[in-house]
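Look at the structure below with its sequence beside it. This report goes through its sheets, its nonpolar cores and the contact between its chains.

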Amino acid sequence: MLFFSFETWQITLFSLAVGLASTLLILPFGIAFAWLFARKDWPLKSVVETLVLLPLVMPPVSTGLILLKIFGRRSPLGQWLYERGIEIVFNWKGVLIAMSVMSFPLLVRSVRTSFAEVNPRLEQIAATLGASPLRIFFVITIPLAYKGIVAGALLAFSRALGEFGATILLAGNIPGETQTLSLAIYSFVQLGKDPEAFTLLGITVALAFIFVWCSEWLLRSSKKA
Amino acid sequence: MKLCCRIPLANFNLDIEVSFDARVTAIFGPSGSGKTTLLDAIAGLRSITTGEIEISGSTLFSSARGINCPPRERGIGYVPQEAGLFPHLSVRKNILFGAGRSTGISQSKQIRMEHVLSVLEIGGLLDRPVTKLSGGEAQRVALARAILSQPRLLLLDEPLASLDISLKEKILPYLARVRDEFEIPMIYVTHSLTEVLTLADWVLMIRQGRLVTQGVPKEALRSTHAILQIPEGQAENVFTVAFVESDAEAGQTRVRLQAGHELFVPYLPEPENHTLQIRISADDILIATKRPEGISASNVLPGIVRTIDAVDGQVMVTVAAGDEFYARLTAAAVKRLNLVEETPVFLIMKTRSFRLL
């Protein structure tokens, strides 16, 4: 009746919702870092840049382990959060954190490139016309870079949906609670439920195709403009 | 204004110290001599190692006193070479981008948008996207945007350099109108002698980051240093003349030079404004030691050789014939005619060698 089973719907919508939340969460930070990387020079910039990009190349499981050590109840931060009634590990918040950390570098890279392509001369001219740095940023820089920003956000969103290694360490693979599309495919294959796995596989391929296609289209059209 | 700055560049240091007070000051010099850097420094877009910048009594920068006014508070309108319009905004939004700034200028003295639009004739472009403008239109829009920010100084960085010759001829009169209509001092960077002679009342010639000479354009450009810098085909005479009469059938117009001599120039219908500017290349003026007869050229003016400057086989001869004319000859011609200072000569100029602005 609903085309897919309740379980499939539940897994898909949960993944999309947390993926979207993680993208929205990292967007302002991503834009801020990208701008600092593209437009400012500051001490230890290259070190910070490398650190931010690290999750892109590190094994996701390693990143997951680091996150588990940071947010686990035995760590100072985990302890502090637990005392305030916030638990990250083994629930949807763990999924959110894992997705955010893993997709952050992709967002930053894409937005940094689009900021770098904005002609700094235009920002300078805006300054001579009396515009404040804030006005220049929101009226000149962001609008000129917005296609790259949207493309970066789409890319980050797709990456978040595909997240596996860091998520399984930080949030576990709990059906109905932390199980995302990738985690569910893994479970179904292990349990020998091939038809269910293939349905989810089809959904992930379709979603990935749409997002990457949109992102590429945006980047191409921003180059032309 | 007072301008004193030292900026290290890749190949040389920009090291300039001048003070001047003119309606339009041209900064003239070959490409790569530091002209744009100087404008950037005045606008506050580039840091200065040591120096001081003072405009109409207020100090914008002083390394000694630790003053560095940020670009947005300098009140300087900047028109960069490539126009620098914001591509995502309409012409109207571009023009009004700086219009809201508080300048301390009383409401009645502020330059109004309608005025600027009519002077630059861009009223019809307001709702166009910036990407659909021609090069000349983009320059005028950029100029309007700078003027409407109510600046106390306008900086123009080779506004005509990227345009082809026919467009240059069209935009130059607009610049002259801006100069005459609005009371904003301008600093005009160019490597075109025609533009200096047409627009400026003071010129700073710079080369390799240093001031070569400065002064009223006609006088400053007389020095040997100056001749060396004049690009091929650009040595021109520019005169402001009064319209006398026009004859369409004869194909000519009679005009009067400031000193009273009359010249024939190509036909133009009687202009509304009876003063106009004409130009003739220094390469298109013939010099004779006897009054010629039986020639087609209609303009023969008696005069006296004032100066002779030879550089690499080219000789720039200035002749006083009421006004002062430059003629560029070969060294061989000067020798054959025995030209020296105070030689009485005749200047021969074809009607059609004159160009009207």
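The sections below describe a predicted model.

One open sheet in chain B has five strands, in the order E14-E13-E12-E15-E21, and its pairing is antiparallel. Strand E14 (262-266) and strand E21 (355-356) of chain B have a single partner strand each, so one side of each is left without a neighbour in the sheet.

Strand E13 of chain B covers residues 252-256 and is joined to E14(B) by five bridges. The two strands run antiparallel. One pair can be found by eye: Arg256(B) has Glu262(B), in E14(B), as its bridge partner.

## A sheet with E16 and E19 at its edges

Chain B also holds an open sheet of five strands in the order E16-E20-E17-E18-E19, with antiparallel pairing. Its edge strands are strand E16 (286-288) and strand E19 (323-330) of chain B, and each of them pairs on one side only. From one strand to the next, the twist averages 45°.

Strand E18 (residues 314-321) of chain B runs antiparallel to E19(B), and eight bridges join the two. Within E19(B), Phe325(B) is the residue that stands opposite Val319(B).

In soluble globular proteins, nonpolar side chains tend to be buried together. The largest nonpolar core in this model has 123 residues, and those that touch the most other members are Ala98(A), Leu170(A), Val141(B) and Leu155(B). Helix H5 of chain A, residues 92-116, gives the most to this core, with 13 residues. Another core lies apart from it and has 25 residues, including Phe239(B), Ala327(B), Val345(B) and Leu347(B).

Which residues does Ala98(A) touch, not counting residues up to four places away in sequence? They are Gly64(A), Leu67(A), Glu163(A), Ala166(A), Thr167(A), Leu170(A) and Ala171(A). Leu170(A), in this list, is also one of the residues named above as touching the most other members of the largest core.

## Where the chains touch

The contact between the chains takes 14 residues from chain A and 16 residues from chain B. On the side of chain A that touches chain B, helix H6 (120-128) and helix H7 (133-162) of chain A each supply at least two residues. H6(A) gives the most to this side, with seven residues.

What kinds of residues make up the side of chain A that touches chain B? They divide into nine nonpolar, four polar and one charged.

Methods. Residues numbered from 1 in each chain as written. Chains lettered and ligands numbered in written order. Predicted model: local features only at pLDDT ≥ 70, side-chain atom pairs only at ≥ 80, totals over all residues. Pairing = 2+ DSSP bridges. Helix = DSSP H or I, 4+ residues; strand = E, 2+ residues; numbered from the N terminus. Core = buried A, V, L, I, M, F, W, Y, C linked by C-beta atoms within 7 Å. Buried ≥ 20, exposed ≤ 12 C-beta atoms within 10 Å, placed from the backbone. Contact = placed C-beta atoms within 7 Å. Nonpolar A, V, L, I, M, F, W, Y, C, P; charged D, E, K, R; others polar. Axes fitted to C-alpha atoms, helices over the stretch in contact; angles between N-to-C directions.
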